[in-house]
Amino acid sequence: MAAAAARPQRVAFFYDVVSPYSWCVPVAAVGLPSVMLMGFEALMRYRSIWNIDVELCPFFLGGAMHATGNKPPQSLPAKGVYVFKRDLPRQSRLYGVTMDFPTQFPQLTLKSMRILTALKMEGSDKLEAASRSLWQLYWRDQQSLGDDTTLERYLAPVVGATRARALVETDHSRQEVKDELARATRQAVEDFGAFGAPLYVVRGATDADPPVAILFGSDRIEALAMMLGKPYLGANPLRAGL
């Protein structure tokens with residue numbers, strides 16, 4: 001009797017669309033258009049190469065920061081200057097991609113993260129694309145996450161106009177959705193020690209088992225590969241012909 005195939009390893013990814021480093025930073029690839037890759041985008045690209053199951057876990061970064069006493073980068077002037085005036089613009093110039101600093105930062109993302117939570121709760125296969133669309137709304141196009149019309153416009157190509165309207169107008173405010181986002185945020189803080197985003201949690205065999213590893217930060221893909229026992233093929237694994 002043939003042995004059963006090993007169950008893919010599981011990685012939970014906690015994120016909030018207010019965080020640019022949860023989404024990506026620029027990477028150039030020979031023969032390919034410039035892309036933005038790290039955090040979310042890196043994990044999505046390596047998912048099939050590593051044969052891992054990725055659980056996208058929207059959580060409320062503002063709540064996690066409040067619970068742990070963490071502060072936004074600009075609250076420390078030197079850090080704010082480095083991140084927003086030097087690092088992000090430098091990366092964008094270096095690799096020829098557009099990542100503009102939002103006109104309002106930070107912006108409350110409670111509605112956005114509840115929308116993504118509602119999609120996750122219904123088992124939608126659109127959660128990945130919807131998350132990417134909201135990051136693009138804010139960090140690429142400098143639009144407001146607080147404007148319902150804008151949210152609908154960016155979600156409609158992903159989930160359809162009718163579903164986008166329902167998510168923005170009603171579904172995000174259902175009590176069970178609010179409770180689930182609050183639960184995910186508490187879990188990130190209390191169970192996994194989150195104080196910022198992104199957070200990677202390598203799961204045990206079952207949810208009842210302790211995590212195998214917890215990693216914080218957008219530049220932890222190499223460390224994640226080591227913890228999973230998988231090959232790291234660089235920032236753009238497509239260059240390896242996979």
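## Exercises on a predicted model

Helix α9 is followed by G193, a residue with a positive phi, near 70°. This is a predicted model, in which local features need pLDDT of at least 70, side-chain atom pairs count only at pLDDT 80 or more, and totals for chains, interfaces and linings use all residues. Residues are numbered from 1 along each chain as its sequence is written, and side-chain values use heavy atoms, with hydrogens and water left out.

### Exercise 1: helix α9

Work out what span is expected for helix α9, and find what its buried residues pack against.

**Solution.** 
- Step 1. Helices (H or I, at least four residues) and strands (E, at least two) are DSSP runs, numbered from the N terminus. Helix α9 covers residues 175-191, which is 17 residues.
- Step 2. The expected span is 1.5 Å times one less than the number of residues.
- Step 3. Take the buried residues (under 20% relative accessible area; exposed is over 50%, partly exposed in between; 1.4 Å probe, protein chains only). In α9 they are V177, L181, A184, T185, Q187, A188 and V189.
- Step 4. These buried residues pack (contact: heavy atoms within 4.5 Å) against β1 (9-15), β4 (52-58), α3 (61-68), α5 (110-121) and β5 (199-202).

### Exercise 2: a serine in α5

Explain why S112 counts as buried, and list what it touches.

**Solution.** 
- Step 1. Locate S112: it lies in helix α5.
- Step 2. S112 counts as buried because its relative accessibility is 0%.
- Step 3. Leaving out residues up to four places away in sequence, S112 touches V17, L134, L145 and L151.

### Exercise 3: aromatic rings

Classify the pairs F13 with Y15 and F40 with W135.

**Solution.** 
- Step 1. Rings of Phe, Tyr and Trp (its six-membered ring) pair if their centres lie within 6.5 Å; planes under 30 degrees apart are stacked, over 60 edge-to-face, the rest tilted. The structure holds 13 such pairs.
- Step 2. F13 and Y15 are stacked, at 5.7 Å centre to centre with 20° between the planes. Both F13 and Y15 are buried.
- Step 3. F40 and W135 are tilted, at 4.9 Å centre to centre and 50° between the planes. This pair links distant parts of the chain, with F40 in α2 (residues 40-50) and W135 in α6 (residues 127-140), 95 residues apart.
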